Amino acid sequence: MAQNIFRGLGIALVTPFTEEGSVDYASLARLVDYQINNNADFLCILATTAEAPCLTREEKDKITEVIKDVNKGRIPLLKYCGGNNTRAVIEEMKSTDWSGIDGILSICPFYNKPSQEGLYQHFKAIVQEAPLPIVMYNVPGRTGVNMQATTTVRLAQDFPNIVGIKEASGSLSQIDEILKYKPNNFEVISGDDALTFSMIASGAVGVISVIGNALPKEFSRMIRLEFNGEYEPARKIHHMFTELYKLLFVDGNPAGVKALLNDMGFISNVLRLPLVSTKIETKQKMADILKELRF
């Protein structure tokens with residue numbers, strides 16, 4: 001039976017671009033090293049925060065190789081493979097080189113709005129062909145459909161190779177229901193930085209974080225304190241991030257965290273259309289908060 005190894009601080013890794021708009025592989029390598037050296041527990045690559053819809057297959061393949069070369073097996077890698085065409089997702093899985101990757105993140109189908117039974121059948125078809133453990137990704141704000149707790153638990157019970165779910169529904173009651181009824185080998189991972197403190201307190205095992213790109217040491221400290229039952233100091237760190245949580249997403253993701261990383265000297269503040277850089281006033285507010293947050 002597969003076990004979930006994606007616990008603690010996971011980073012939803014950004015894709016740095018040069019000022020000319022090509023992938024900045026040198027900055028990517030530095031960023032991966034920075035994450036690993038500052039308490040990241042695993043990396044989630046080529047998903048939403050990576051601007052994956054705007055990358056070519058060749059770029060994705062090279063990004064994967066750069067990350068694997070820098071990582072050298074130090075921490076687990078969770079790579080995205082998903083979509084709203086079940087057959088195409090399966091074909092992509094079969095044609096991908098999964099060496100050096102530890103698991104697959106796969107999103108609920110977006111745009112075509114399947115029923116709960118449709119969601120179940122989609123993941124059933126995928127997991128039966130998957131070469132690695134699957135972490136499902138429920139993010140109704142992006143997909144237009146919410147996978148209900150009963151569907152999540154049903155999939156978890158029927159398919160041991162589905163080891164977890166990245167839950168970004170924003171509903172703590174739904175997440176509590178999953179945690180209450182899930183099988184032991186299945187775990188819940190936060191998909192929302194702002195809810196991570198509450199979700200871990202309820203039984204989630206970690207987060208796939210956007211803010212962790214810039215502040216891995218600080219955010220992982222909050223998580224580790226919670227794991228140790230030290231909720232009061234963890235809560236203080238959570239509250240220190242409150243304003244930043246909002247600012248990071250006010251102009252879309254990953255515009256906020258790229259602006260933050262730019263202020264820290266890691267990357268150019270460049271995104272690919274249709275995404276654009278965060279507003280100047282938002283960037284300045286985040287820069288001011290950043291000065292107070294380094295602890």
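This is a predicted model: local features need pLDDT of at least 70, side-chain atom pairs count only at pLDDT 80 or more; totals for chains, interfaces and linings use all residues.
**Notebook: aromatic rings**

I started with Tyr120, which counts as buried because its relative accessibility is 6%, under the 20% cut-off.

Next I looked at what sits around Tyr120. Arg154 lies over the face of the Tyr120 ring, 3.5 Å from the ring centre.

I then counted ring pairs across the model and got 6 aromatic pairs.

I took Tyr34 and Phe266 from the pair list. Their ring centres are 4.4 Å apart and the planes are at 45°, so I logged the pair as tilted. I checked where the two sit: Tyr34 is in helix H1 (residues 25-37), while Phe266 is in the loop between helix H12 (255-263) and helix H13 (280-293), so this pair ties together parts 232 residues apart in sequence. Buried or exposed, Tyr34 and Phe266? I found both of them buried.

Back to Tyr120, this time with Phe159. These two form an aromatic pair, also written down as tilted, with 6.0 Å centre to centre and 45° between the planes. Tyr120 belongs to helix H4 (residues 116-127), and Phe159 to the loop between helix H6 (149-158) and strand E6 (162-167). They are 39 residues apart, so I noted this as a pair that links distant parts of the chain. Phe159 has a relative accessible area of 13%, so I put it down as buried.

Which residues form one aromatic cluster? I found Phe219, Phe241 and Tyr245 in it.

Last entry: I looked at Trp98 and found Lys79 over the face of its ring, at 5.7 Å from the ring centre.

Note on methods
Residues are numbered from 1 along each chain as its sequence is written. Side-chain values use heavy atoms; hydrogens and water are left out. Rings of Phe, Tyr and Trp (its six-membered ring) pair if their centres lie within 6.5 Å; planes under 30 degrees apart count as stacked, over 60 as edge-to-face and the rest as tilted. Helices (H or I, at least four residues) and strands (E, at least two) are DSSP runs, numbered from the N terminus. Buried means under 20% relative accessible area, exposed over 50%, partly exposed in between (1.4 Å probe, protein chains only). A charge sits over a ring if NZ of Lys or CZ of Arg is within 6 Å of the ring centre and within 35 degrees of the ring normal.
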